[in-house]
Amino acid sequence: MPILCARCDASLPEWELSAGAATCIQCGSPNTVRAFPALLRAPASAAAAEAAIEGEAACFDHPTKRAVAACHQCGRFVCQLCAVDFGPEVLCPSCVATGRGKARAANPETSRTLYDSIALLMPLVSLCFFPFTLITAPGAVVFSFLRWSRPLSLVRRNRWRFVAAIMAGVVETALWIWLVVYLVARVRERLNP
Amino acid sequence: MTEVRQRYRKLPGHRRGFLRGASVWLASDHLLSVRSYRVREEYKRFQLNDVQAIVVARCPRFHISTRSLLLALIGWLASVLGATAFPERTANGALGLALVVMFLVWAYVSLKESCRCYLLTAVSRDELPSVYRTWTARRFLEQVTPRIAAVQGSIEGNWVEALEGAAATPAATAPEPPKAAVPKRYLWSAILVGVMVASGVSMLATLHASASLVTGLAEGILAIEVAAVAGMFVQYARGSLPDGMRWMAIAAIVKTGLAYYSGVAIMSALSANGVAVSRDDLLLMPQYLLLRQIDAWSDLALAAVSLLVLARPGSAQ
């Protein structure tokens, strides 16, 4: 596989690459290249499942192919083609697809919703249109408590956004209550001077 | 096997944008590329054992991080408020100059000290958006290379020859067909540069001119500038805009908007102080004069940076 320039996707000149740096002949950008042994590894050829002869265990999904292992999750026999190596264990494609039990780790999550960020944005963004804070401030507090135990970001480990959202929500709600009480008192003063 | 809760260590580089961000984290056996969209994060894992190469190329990256924008915003607010509160102080001019210097530093770093980083595996070639400054890339490579080498070992001898041998298989030798290059067009970019130069020079030349002349000039220049920026965006959509000029167009429009709102802020501040002035007097107020000087020098700086962008060897590709 040719090493491509990170700027213009042109192939880098191979005679320069062994030094770990190469100037692209198309765009002139200097490229730094760190190569690792995986680059020289031969690509894994498509596993060729062997045909099963009579009396041999056969693959659950391919009855004519010889089974080479049993799924560590469901126990189904799998052929060379179906066997999914996951660390020391072998899983079948359907277990990997469903991602249950032992196969869960083989199917890592690719995205997460950040409920703590949503909670924090609610009272802050609505400040731009402050009448909305009448709804979003208590909403942020309730939302924070409801989602408190939901998983956070994979890489962030604390819940300060939830705490900040609750504090902002409480402060804004308190301000609304104060405003309402103040207005009611003013009205009463006018009605009963 | 239960899911193992990984501990991640942050690697150098963090792209912070308004809506999007990116970072790379290191676990015991893989790299985690995180792309964040404010309320959502997307993850991509690269097993250390699978990483074939990391390629970093110098190229312009005109990213405005939220931190640098906050700094600029604070400086701009201080400049406007300072000019309004203390019109006679020359310190305000220095603050304006500092803002222009900050902008020039940002432009230099974006042009000359920026890069693009790709991570190569057998099945993918992914950009790492968080590694976009050269000093970050250096630190990133310093930290990641030993970790990958600890898992895979290092290549002995001339790996390029070995790679050529490995690539001599039918599947690997079929290169991707080259993309049809769209010829770059320079008309609108040249018009924008010309307009910015004209705007800067005319503003400096007409600092003490009558309101009608200043307003007429400004409106005419603004109309051409907006047309040029619109033309450049059409070119960008067609792929014929020279590299980097899209950001110059955005910068020009943002600068124009900032200058406009600064003027509005000054007028509002004067009105709030109960100062009623005519249009001619307003243009001669020290705050307004300072603002127009900053505006003019920003135009000239933008024009100079645009010329640099256009003159780069890669811009014609």
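The following legends describe close-up views of a predicted model.

Residues are numbered from 1 along each chain as its sequence is written, while chains are lettered from A and ligands numbered from 1 in the order in which they are written. In this predicted model, local features need pLDDT of at least 70 and side-chain atom pairs count only at pLDDT 80 or more, whereas totals for chains, interfaces and linings use all residues.

**View 1. An open sheet of 5 strands has the order β1(A)-β2(A)-β5(B)-β6(B)-β7(B).** The pairing in this sheet is antiparallel. Strands (E, at least two residues) and helices (H or I, at least four residues) are DSSP runs, numbered from the N terminus, and two strands pair if DSSP finds at least two bridges between them. The edge strands are β1 (21–23) of chain A and β7 (125–127) of chain B, each of which pairs on one side only. On average, neighbouring strands of the sheet are turned by 25° against each other, direction ignored; angles run from 0 to 180 degrees between N-to-C directions, along axes that are lines fitted to C-alpha atoms, for helices over the stretch in contact. Strands of a sheet pair through backbone hydrogen bonds, either parallel or antiparallel.

**View 2. Strand β1(A) pairs with strand β2 (residues 30–35) of chain A.** The two strands are antiparallel and share 3 bridges. T23(A) has P30(A) in β2(A) as its bridge partner. Helix α3 (residues 134–152) of chain B packs on the sheet, where this helix touches β2 of chain A as well as β5 (53–58) and β6 (115–120) of chain B. Two residues are in contact if their C-beta atoms, placed from the backbone, lie within 7 Å. The direction of α3(B) makes about 165° with that of β5(B).

**View 3. A further open sheet of 5 strands has the order β7(A)-β4(B)-β3(B)-β2(B)-β1(B).** Its pairing is antiparallel. At the edges stand β7 (111–113) of chain A and β1 (9–16) of chain B, each with a single partner strand, so one side of each is left without a neighbour in the sheet. Neighbouring strands here are turned by 15° against each other on average, direction ignored. Helix α3(B) lies across β1 and β2 (21–26) of chain B and runs at about 150° to β1(B).

**View 4. Strands β3(B) and β4(B) form a hairpin.** Strand β3 (residues 30–36) and strand β4 (residues 40–47) of chain B pair in the antiparallel sense over 7 bridges. Within this pairing, L31(B) stands opposite F46(B), and V34(B) stands opposite Y43(B). Between the strands lie 3 residues, and R38(B) in the turn has a positive phi of about 65°. Strand β4(B) is also joined to β7(A) by 3 bridges, and these two strands run antiparallel. In that pairing T113(A) stands opposite R40(B).

**View 5. Helix α3 (residues 115–125) and helix α5 (residues 160–191) of chain A pack at an angle of about 25°.** Their axes are 8 Å apart. The angle makes α3(A) roughly parallel to α5(A) (under 35 degrees counts as roughly parallel, over 145 as roughly antiparallel, 65 to 115 as roughly perpendicular and the rest as oblique). Residues of α3(A), including L120(A) and P123(A), meet residues of α5(A), among them F162(A) and A168(A).
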